[in-house]
Amino acid sequence: MDTALLLLAVLALFFVSGYGPVVWLADRDVRLNRALLVPVVGFAYFLCATHALAAIGLVGSAISWAVIPLLLAPAVTAARHRWIGAAAWREAAPVFLLGIICVIASNWPLLLSGYRSYMGYSNQDAAFNSAIFSNLLDHPYAVNPSGFAQYWPSPKPGVIFGGSYFAVWLATIFHLDILYLHQIVTGPLAFLAPLGAYLLARSAFGATRRQALFATFAVAGASQLVFTVCLQSLGSISLTAMLPALLACWNEAARSGRPRLLVLASLAAAGTVFAYYASLPILAAMCAASLFAAVWQRFLPFKKAVLAGLAAIVLFFAVAPPIAFDMARKSLLESGSSRLQASLDGSEILLTFAFALTEWFLPFFWGLGYPQWSPAFYVKFSPLLALTYFVGLALCVFAAYALWAARRRRDISLLPFCLQLVLMLAGLFLFELKNNGYGVFKMAAWWSVPFWVAASMGLLMAVASLKRNLWLSTPLVILGVLGLVWNWQQGAWLAIRSVYGSALTVSGSYRLNDFVELRQIARFVPPQDKLLVVIDERIVQDWVLLPLHRFNLAVNPVLIISGGPDDPPPYYIREPALRQWDTAKWILTFRSPQIRSRLHDTPPVWENGRFRLYRRDQVTNLIAFGEGWYPRERMPNSPLPWQHDFRWLRKQAELMVLFGDGSPFRLQGWLVPNPAIVTPTLLRWITPTQTHPLFEAPPGGALERSPVFRAHGALTTLKLESDFMPPPPARGLGILRRWVPVDGRRLTVAFSRPSLLDAANLQPDHPVTPPQSYQFPLRLAADPTLLAGFYSDGWIGPRARATLTACGTNPIFELDGHLRGDAKFPMPFPWTVTVNGQPISADLHQPGDFHLTVPAPSKSEQCGPVIVEFQSETIRSAPKGANDPRPLAVRITAIKVKQPTADTPANRR
């Protein structure tokens, strides 16, 4: 119940804040319903008022009380001298009801779980925003505790986006913990979208009340609203919800030319920018397009349009000059920043939803469905997906028809709509060019409400034009209903997954309380003591730092958002975070880490359901995954034990061992059975003292035994390199006739949790004694440290290695095999054989069977290793149409080392 009351408190704040500005600035004869304008303008006015107070240096708690007179004075004076008529409230009542329905549809998971537990999809931006909220409560704008920027993006003015001061106001007035309030601020914004849809339909399309209600009804069930609210995307939902109302306000202001209405539209635009700095270029383009269209259609003189645009700019900068200038500077910087360039030109797209959007980008582009996250939802092209495409194409046709019909009445400033369409098409082209769905995702989300308004109006217009042909209009109505039902079903499923399992983040069943409870460790950790955070999962690490960001922190590993060692870290500053971390007296880590306790059976100092706090002297051999790994994945129902908890390797990755005492440990991993990987994958372990030999395994094979490592000192870093990174697996998308990645990650090797083995249970530290011969095909799994690079039937990849044992003096090495030779595989085929590093000069380039016998380079009477390596300069693909897709060129049937006899020739074919 307290969650519902807080949501209603935010909605009430919208009405109280907006009543005065609307009554004073919007005349009674304006075509926009003033009652519906009240909460929309209230959201913007509250943010303008609070940011104006922040510009003079007040802290958040003082702003929360000081803003109350600024909100009440216009409302009280307006109520005494002016008012909104009862007819406007009656017209607005069903729209308000649809807005409440939209809030419930988007926030029922929050109402079910409670605001102290619900995390939605655990967006790491929400963790950052909540830390900013906490700082704003008792610090001036953009002034933060020392050390904050070591682990978070530097919170300069303009970086802080979203309705920060709504959370600060609630925390101050109702004495609440501000870390719980992010979703309470995000959720009510869904109320504004249906209101804007109604205003836009009435203003831009000249819709009747019933027609506008139909468009509002469609928007209230739009899955993008549910998606953005569940995702806790505070900035994006601000623009998505406000954009339709802003288009309507600017359309009416530009057509009428009334100064007060232009001020009202400018106020709404300024508040939206303060809610989300990235909306500045979009809103500037929309406002300019409205003014230009009004001049073009001769509703507004050119001189008056220029003055109106300048007035809007002056109003925005007059509210909070330093904040406004920094927002403008930040928006211009990010449009050409290395962050954007890295997301477009990187070898991998780092945002998971960009790949999901690749599969479903057109339905989402049309306003149907939402990006799918779980790999289980990557489906082949199906009749259901074809139906979705068909419905979406039909909606596009209806939207175009509505715009054309409105143009004929000269009742709409079409230019903003056309500009939005151009931006969306540019984003789609960028996706096609760069294979990156991020821009398309943003534009589709922001444009979804105006699109649904246009599509709904087009459908109604088409039905009205066919009223004499009922048999033709009925399919159109059915098509519209199918679109609405599909959207509602997608939104409901998204909300269900946000409660009962998260596909976006590894946080899974974590709840907000699991993180906020970390504040309790202040009872044990003195302020001057350094606390080391060892959380090796990026999103969980961000949420852990949320309640701890004012502690004397050190973090290892410091996880960044970049895709690999070649990408620059765009947000985190690694070196300061690592400085003096080894002096930490306390260690916070997962509840079930890979820890060997030096003090046996000693309980942790503090623990909750997810985390534990240890003293430094309680911990040895704490293992953590560093950079270069994909997030942890869990498949608890998988029949393969390693899939219960594992993560995929990038090209190069780190494994960190903290406070090592010399105990041995191993890793266990599996090669992904990827059809695109037809050759063995080569892995290299790099320790601080040496580089271990390559380890190889065929596709789908297990790395059953890794080298034994021993860590000493405060930090030991191991690096794992993969010499082969396959292209992302792709599939053909029939309508587009192109190949798109199902999963854009380059998945080669998956690793389960590293194992810590006691000396009593560890196998001998020395290598296993290799055999003196190998016979192919292999009947038993070979040790990958002794035999690698071979398929089970003896064919080899581009590199292969076999380790045998030779005893006595002058041993003989024998090799039996077959070189492929046919019309489609021309010879000679360049490949080499080396024995203990010495190349064999025999002629091995003729097709057919061969038998090679040479002295092995060993003269010791004791047993020693003979390492035989095969390498090919190129590997030819199998003939087109062959049933075996492997690049088959060389097959080995037997490798032997034996003592020589008197008649053994030196070399025989």
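At what angle do helix H4 (residues 86-113) and helix H10 (residues 223-230) pack? The angle is about 50°, and the axes lie 9 Å apart. Axes are lines fitted to C-alpha atoms, for helices over the stretch in contact, and angles run from 0 to 180 degrees between N-to-C directions. H4 and H10 are therefore oblique to each other. Angles under 35 degrees count as roughly parallel, over 145 as roughly antiparallel, 65 to 115 as roughly perpendicular and the rest as oblique. H4 passes H10 in a right-handed crossing. A crossing is right-handed if the near helix is turned clockwise from the far one by less than a right angle, and left-handed if anticlockwise. Cys102, Ala105, Ser106 and Asn107 of H4 make the contact with Leu225, Val226, Val229 and Cys230 of H10. Contact means heavy atoms within 4.5 Å.

The model is predicted: local features need pLDDT of at least 70, side-chain atom pairs count only at pLDDT 80 or more, and totals for chains, interfaces and linings use all residues. Residues are numbered from 1 along each chain as its sequence is written, and side-chain values use heavy atoms, with hydrogens and water left out. Helices (H or I, at least four residues) and strands (E, at least two) are DSSP runs, numbered from the N terminus.

The crossing of H5 past H23 is left-handed. Gln124, Ala126, Ala127, Ser130 and Ala131 of H5 meet Arg538, Ile539, Asp542, Trp543 and Leu546 of H23.

H23 is largely enclosed by the rest of the structure, because 11 of its 11 residues are buried. Buried means under 20% relative accessible area, exposed over 50%, and partly exposed in between (1.4 Å probe, protein chains only). The buried residues of H23 pack against H5, helix H22 (512-516), S1, S2, S3 and S6. H23 lies across S1, S2, strand S3 (586-590) and strand S6 (611-615), and runs at about 175° to S2.

These strands belong to an open sheet. Five strands form it in the order S2-S1-S3-S6-S5, with mixed pairing. Two strands pair if DSSP finds at least two bridges between them. The edges are S2 (553-555) and S5 (606-607), each pairing on one side only. Strand S1 (residues 531-534) runs parallel to S2, joined by three bridges. Val533 has Val555 as its bridge partner in S2.

Other strand pairs are antiparallel. Strand S9 (residues 646-648) pairs with S18 in this sense over three bridges. Trp648 stands opposite Ala750 in S18. Strand S18 (residues 749-752) is covered on both faces: Val749 and Phe751 on one side, and Ala750 and Ser752 on the other, are all buried. Eight antiparallel bridges join strand S22 (residues 796-806) to strand S27 (residues 864-872). Arg801 stands opposite Glu869 in S27. Strand S24 (residues 831-835) also runs antiparallel to S27, through five bridges. Val835 has Val868 as its partner in S27.

The largest nonpolar core has 198 residues. Helix H2 (residues 34-54) supplies the largest share, 15 residues. Phe205, Phe274, Val544 and Phe611 have the most contacts inside this core. A second, separate core of 32 residues includes Phe790, Leu815, Ala842 and Leu844. A nonpolar core is a set of buried Ala, Val, Leu, Ile, Met, Phe, Trp, Tyr and Cys residues joined through side-chain atoms within 4.5 Å.
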